[in-house]
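Please go through the model shown here and answer some questions on its local geometry.

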Amino acid sequence: MGPTLFNIYINDAPTTVKNKISLYADDSKLIGTVDTPDKRASMQNDLWALSHWATLWRLEFNVNKCRTIHFGKKNEKCPYHMLGMDGSRQTIMSSEVERDLGVIVDNELKFTIHTQTAVAKALQTLGIIKRTITSRSPMVMTKLYKALVRPNLEFGMCVASPLNKGDQQKLETVQRRATKAIEGCKYLNYSSRLKRLKLPSLVYRRKRGDIIMTHKLLNYNSPLNKLFQLDQSARTRGHSRKLYQKRAATRLRNNFFTYRIVSLWNSLTEKAVTTHSTAAFKRAVDGERSSKP
């Protein structure tokens, strides 16, 4: 009952602000556009309103742990303030990099640091496996890799998919090392090791994850399914659930999930996109991959 009662206790917090607010357990995130003086004033007023709400309900914010992250080259990066736990006015510290629900993002909306952190954690786990497990059999090492190492490399990748080839190679390096340590694979090249162990590349795994997430968003009643727009053109080529390809002015924007997924989704077959269950869709996608030369 604890989480339910806590949600009831804080559910009126969004009614005190005009900008968008997201609540996660004991964390809150206030988001807004601040390109004009009026919008910056609105953001500050929301922070005062949240401070007074927190004081009223005795859930004071720890301002020392609060951070402001500014996006956009034309952002004036104005300072913002809240009431501290002692009731005094305190300035919120500004940050260039923040962790949001486990995903590390910087003020340029790049995920290089997230990739570096994921690689370091995966390599550390792989090192522990090598030191503590004497067996190097394909069955044992492959299961340990899939269960303990690869999840570190794939967490949050629908959002934090690396744009730079250098970051992509860093992720793939972990799998290269893991497969090279397996018995009988040391002197094989990387593609041969993957084929013998029946492991896909991490590039394919990220694309597969994107496609599966798109299928879930389009087939379940979620506000996030509004991220996509069905293609209403008269072209009959392809399947019946094609998505409209938006134009991107920058390479960074083109790597956003809702942009990069369109061509992948539109390349699927009618049989795959019309499946309703996620399990059946996964089988269809993997079947299409295995049928290609």
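The questions below concern a predicted model and take up a helix pair, a loop residue and a hairpin.

Q: Are α4 and α6 roughly parallel or roughly antiparallel to each other?
A: Helix α4 (residues 138–154) packs against helix α6 (residues 165–180) with the axes 10 Å apart and at an angle of about 165 degrees. Angles over 145 degrees count as roughly antiparallel. The two helices α4 and α6 are therefore roughly antiparallel.

Q: What is the make-up by class of the contact of α4 with α6?
A: From α4, the residues Y145, V149, R150 and L153 meet L171, V174, Q175 and A178 of α6. By class, this contact has one charged, one polar and six nonpolar residues.

Q: Is M85 buried or exposed?
A: M85 lies in the loop between β4 (81–83) and β5 (89–91). Its relative accessibility is 55%, and the cut-off for exposed is over 50%. M85 therefore counts as exposed.

Q: Which residues is M85 in contact with, leaving aside its neighbours within four places in sequence?
A: M85 and L59 are 26 residues apart in sequence, and their C-alpha atoms are 9.0 Å apart in space. With neighbours within four places in sequence set aside, the contacts of M85 are E60, F61 and N62.

Q: Which residue in the turn of the β7 and β8 hairpin has a positive phi?
A: Strands β7 (residues 97–100) and β8 (residues 103–106) pair in the antiparallel sense over four bridges, with V97 opposite D106 in β8. Two residues lie between the strands of this hairpin. The turn residue with a positive phi, of about 55 degrees, is L101.

Note on methods. Residues numbered from 1 in each chain as written. Predicted model: local features only at pLDDT ≥ 70, side-chain atom pairs only at ≥ 80, totals over all residues. Heavy atoms only, no water. Axes fitted to C-alpha atoms, helices over the stretch in contact; angles between N-to-C directions. Parallel < 35°, antiparallel > 145°, perpendicular 65-115°, else oblique. Contact = heavy atoms within 4.5 Å. Nonpolar A, V, L, I, M, F, W, Y, C, P; charged D, E, K, R; others polar. Buried < 20%, exposed > 50% of the residue type's maximum accessible area, 1.4 Å probe, protein only. Pairing = 2+ DSSP bridges.
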